[in-house]
Amino acid sequence: MRKVAVVIPNLNGMAYLEACLGSLEVQKYPVIMVDNGSTDGSVEFVKKYYPEVELICLDKNYGFCKAVNEGIKSCDAEFVILLNNDTKAAVGFVENLLNAIQQDEKIFSCQAKMMQMDKPDLIDSAGDFYCALGWQRARGKDCLGTSCSKADEIFSSCGGAAIYRRDVFEKIGYFDEAHFAYLEDVDIGYRARIAGYQNRFVPDATVYHKGSGATGSRYNRFKVEHSAKNNVYMIYKNMPYWQIVINLPFLVIGWLIKFLFFSVKGMGPVYIKGLWKGVLLARAGEKVSFLPENLDNCWSIQLQLWKNLFLLLRKNQ
């Protein structure tokens, strides 16, 4: 079994692939690109200029989750790095992530420091932040890179630049393909925490991220609808019923504020549509079984949700 492999999901990412693949030592580390039915010549480009890269070509766009699942299942590595196609890895990116995750068998994932491609002094993501309002955001977004220089535990790792312990997927399940895209990385990190694993931030591993390379903007109808849908589904799926009851007042407040925010941007109805789709998906989907031995882990998560809410309120004062 190989030690580590890199999996890159791709959809019409021709404009980014040269920088992304060129920054990786494709001859030293196995790289797998899973193509979601691209029509821009991406596959032909990789075949011609990066023949060392293993290609998995899907017949259409199945979304991020299915693409990375196909890549994870196809490799025989102990650890797998997921990397967005619109990124450029700094020197030592793979080695630093690998060294970090091997420090403790209870570490499920480690995220790299993601810097903004167009503003390389500013952070794009230093881990997933999630609070009792049901709000997810990129930790450290738009702050100077020096502000996040400490290795620390995070709620979950952004799947755009993170390493995962591959055998844990067999225990907690793979990325939920019902998500299609958005919050799937929070969901998998949440499930790992329920099972007693950790997610950590590794500032020594750096990658530069273009951001919204596939969707085109920070806020758009597709992203707003899918994020709302997946958030409702993720809450229902991962929280035991008693935890949903505890958080429901906070969640309702969070959804109302989000509705008002997106209404100003002309996407209020889109957000409501996404919430309703989340309800329907929750009714049809599976729920993580609550095991008594995981009670302490669930309470630890709950305390983190309250702590993050406090930090959010204090920051906005």
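How far is the sulfur of Cys 298 from the closest cysteine sulfur? In this predicted model, the gap is 18 Å, and the partner at the other end is Cys 131, so the two are too far apart for a bond. As a reminder, a disulfide is a covalent bond between the sulfur atoms of two cysteines. The count for this structure is zero disulfides.

| Residue | Relative accessibility | Class |
|---|---|---|
| Cys 20 | 0% | buried |
| Cys 298 | 3% | buried |
| Ser 156 | 0% | buried |
| Leu 183 | 9% | buried |
| Phe 180 | 23% | partly exposed |

Why does Phe 180 count as partly exposed? Its relative accessibility is 23%, and buried means under 20%.

Let's visit some loops next. Ser 156 belongs to the loop that joins β10 (152-154) to β11 (161-165).

Look at their backbone angles: phi is near 65° in Phe 180 and near 70° in Leu 183. Both values are positive, in residues other than glycine. That's worth a second look, because most residues other than glycine have a negative phi.

On to helix α8, which covers residues 241-264. With 24 residues, α8 spans 33 Å from first C-alpha to last, close to the expected 34 Å. Where is the kink in α8? Find Leu 248, shortly before Pro 249: the kink there is about 55°. The buried residues of α8 are Gln 243, Ile 244, Asn 247, Leu 251, Gly 254 and Phe 262.

Last stop: the second largest pocket, which holds about 390 Å³ of space. It is lined by 19 residues, and the closest to its centre are Ile 172, Tyr 174, Arg 191, Lys 237 and Val 288. Which elements give two or more residues to this lining? They are the helices α5 (166-172), α6 (184-194) and α7 (221-238). Sorted by class, the lining has ten nonpolar residues, seven charged ones and two polar ones.

How values were computed:
Residues numbered from 1 in each chain as written. Predicted model: local features only at pLDDT ≥ 70, side-chain atom pairs only at ≥ 80, totals over all residues. Heavy atoms only, no water. 1 Å grid on protein atoms, 1.4 Å probe; cavity = no way out; pocket = protein on both sides within 12 Å on 5 of 7 lines; lining within 4 Å. Points joined across faces, edges and corners; volume = space filled by probe spheres on them. Helix = DSSP H or I, 4+ residues; strand = E, 2+ residues; numbered from the N terminus. Nonpolar A, V, L, I, M, F, W, Y, C, P; charged D, E, K, R; others polar. Disulfide = S-S within 2.5 Å. Buried < 20%, exposed > 50% of the residue type's maximum accessible area, 1.4 Å probe, protein only. Expected span 1.5 Å × (residues − 1). Bend = angle between axes of the 7 residues up to and from the residue.
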